[in-house]
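Here's a quick tour of a model, with an eye on its charged pairs and its sheet. Have a look at the fold before reading on.

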Amino acid sequence: AGDLYDGTIDDYAALVSPLAQVKSRFGIYFAAGNHEEFRDSAPLLAPLRSLGMHVLANEIMDVDGLQVAGINYSDATSAEKEKAVLSALKIDPAKPSILIKHVPDHLGTAQAAGFDLQVSGHTHTGQMWPFNLVTKRIFGKFFYGLNRLDDMQVYTTSGVGTWGPPQRVGTAGEIVVATFE
């Protein structure tokens with residue numbers, strides 16, 4: 001759910017090359033976060049696509065009956081912009097659906113669009129004290145973990161990366177593995 005990169009890197013393909021080892025029967029899906037959009041995102045996203053990853057830029061895909069959508073960070077900075085993008089995707093409310101969106105905000109917009117699950121990141125669970133208190137204050141219960149907004153579930157991961165200083169204090173990085181039945 002975004003923020004795969006942080007800082008200036010010379011060789012994006014080398015950085016993401018370990019992801020070539022990740023195997024998934026139904027594919028790997030990604031939507032850009034604010035760190036991918038600090039600069040021209042094309043050189044950052046091209047190596048992901050070359051690995052076969054599905055970079056969803058305001059797109060929806062049918063994955064064995066599951067609708068998987070992704071929205072760009074810059075197109076979800078306001079509820080109005082997000083609503084316009086999500087309504088253009090035309091999800092089928094009769095089918096299960098997942099939205100990959102970097103920031104766990106404007107949740108009512110995704111819920112109104114008919115999504116069953118939103119997967120987000122962005123908060124890094126604060127990364128270090130006292131920022132964890134700030135992110136919890138901003139995003140409430142949606143700053144980390146699995147939570148519910150009426151009929152929609154929201155999972156916000158702390159991710160594995162960092163922003164700014166490459167350290168975590170009082171928070172843990174994670175790779176989330178979800179099994180759907």
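## A lysine and its partners

Lys-101 is buried, with a relative accessible area of 1% (buried means under 20%, exposed over 50%, partly exposed in between, with a 1.4 Å probe and protein chains only). This is a predicted model, where local features need pLDDT of at least 70 and side-chain atom pairs count only at pLDDT 80 or more, while totals for chains, interfaces and linings use all residues. Residues are numbered from 1 along each chain as its sequence is written, and side-chain values use heavy atoms, leaving out hydrogens and water.

A search of the whole structure turns up three salt bridges (a side-chain nitrogen of Lys or Arg within 4 Å of a carboxyl oxygen of Asp or Glu):

| Pair | N to O distance |
|---|---|
| Lys-101 and Asp-105 | 2.6 Å |
| Lys-101 and Glu-82 | 2.7 Å |
| Lys-95 and Asp-62 | 3.6 Å |

Salt bridges with shared partners tie Glu-82, Lys-101 and Asp-105 into one network. Glu-82 is buried, like Lys-101, but Asp-105 is partly exposed at 22%. As for the other pair, Lys-95 is partly exposed at 35%, and Asp-62 is partly exposed too, at 47%.

Now the sheet: six strands form an open sheet in the order β3-β4-β5-β6-β8-β7, with mixed pairing (two strands pair if DSSP finds at least two bridges between them; strands are DSSP E runs of at least two residues, numbered from the N terminus). Its edge strands are β3 (59-63) and β7 (145-149), each pairing on one side only. Strands β4 (residues 66-70) and β5 (residues 97-100) run parallel, joined by four bridges, and Ala-69 sits opposite Leu-99 in β5.
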